[in-house]
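Please walk through the model below with attention to a few local arrangements, taken one after another.

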Amino acid sequence: MGIYINTGNAGFQRVRNSEYIDKSGLISVVNSTLFTERSCSCVTRSRRFGKSMAAKMLCAYYDHSCDSRQLFADLQIASDPQFEKHLNKYPVIYLDITSFVTRFKDDSIMLHINEEMKADIHEAYPDVPVKDDDDLMALLIRINAKTNEPFIFIIDEWDAICREFKAGTTAMDNYVNWLRRMFKDYAAYRVFAGVYMTGILPVKKYKTESALNNFAEYSMVEPGDMAQFFGFTKDEVRALATKYNMDFDELEKWYDGYQIGDEQSMFNPNSVMQAISRRRCRSFWASTGAFAAVADYINMNYEGLKDDIIYMLAGGRCPVDPTGFQNDMSTISSKNDVLTALIHLGYLGYDWREDECYIPNREVAGEMANAVRENNWKPVVTALEQSKQLLKDTLAGDSDAVARAFDRLLQENPSYACQIEQYYR
């Protein structure tokens, strides 16, 4: 067992030892791409939507250094005719980019990735010589030529470097060049049976073209046939609510609301499992550096963006065109860019039929309201606080206080204040 190659199935064993909602059908989709022109997949979804869990599952399924049959025996994939064909048949390379981003904060990061992976893989293939000027791909080409075994390459948090380093920096340019060298090289079709990358942001665009246009992309905006694996469905959450004697309506109010492709009702899976574990619904959505960056752009108020955020807090929907977004947190230059970034981060839902975005549920609405407070949008903060007090007075039956508050809200914030309190119900 190596650090980056043939890491085994221990990660997925831990997943199976916990409450697990069967998303193994994802393997069938990936299997259908192996050894084809679509063998490179980039599957991106919001944080806490099961990205790393899917990566661990794929490692366990493909890795030829372990026997994972029992881990999958009771899952959907076991009934697939191709199940045995690919089960534990490949050397698997697994790379979690965050393990490097947290250690290396300068332009040397790609050098460390290349050298550490090359050294680990060489240990697994000591009979294959390493030349002084070899990069990782050169070593893999030589190993493949000697063994005739194609690799599966799985990259978790592929965009961590894109979120840490700005576009145009040496680190970012080196990373994009490394990805191109690995997966657009003439020998890639021989070296890799399949490549699976996952993260939050889709592949970086340069002008209108993807930096890796040989990748089939699946995202919160364009999930394709991966949509059902992005989150929990209503039926899956209803079954969990019954099993653990939880109020399904509360779970729905707090964590539902995402429309992902043809799936009209998708729940945040991590938040649902947290609520099940803690036996109550509340927000499990901590603020992130990525959202803080977007908040800076919200404050720039592109094309009246603040008004749109306020309108969505009041339950409205806003038009959005996600096609121009460069999939880069450092090149945001319009309202559409900000809204699209928030969709990929999970702070907004996206209705592709209407090209509209919206705040999906109570959990996210609370976090957006917190962002409003932290960014000192005084008129909105005042409206939020008054709306909360209005709700308390209403529940307490204090009709005089309700009348006074209602008049004040309408006078001070006539466009939205009287609607915001719905998110506190």
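Which backbone nitrogen lies 2.9 Å from a polar atom of the side chain of Asp247? That backbone nitrogen belongs to Asp249, and the pair is a polar contact, meaning N or O atoms within 3.5 Å, where within protein one must be able to donate a hydrogen and the other to accept it, and residues adjacent in sequence count only if both atoms are side-chain atoms. This is a predicted model, in which local features need pLDDT of at least 70 and side-chain atom pairs count only at pLDDT 80 or more, while totals for chains, interfaces and linings use all residues. Residues are numbered from 1 along each chain as its sequence is written, and side-chain values use heavy atoms, with hydrogens and water left out.

Asp247 itself sits in the loop between helix H12 (234-243) and helix H13 (248-255), where helices are DSSP runs of H or I with at least four residues, strands are runs of E with at least two, and both are numbered from the N terminus. With a relative accessibility of 43%, Asp247 is partly exposed, a class that falls between buried (under 20% relative accessible area) and exposed (over 50%), using a 1.4 Å probe and protein chains only. The C-alpha atoms of Asp247 and Arg279 are 9.8 Å apart, although 32 residues separate them along the chain.

Asn327, in the loop between strand E11 (318-319) and helix H17 (335-345), is by contrast buried, at a relative accessible area of 5%. The side chain of Asn327 reaches the backbone oxygen of Val203 at 2.6 Å.
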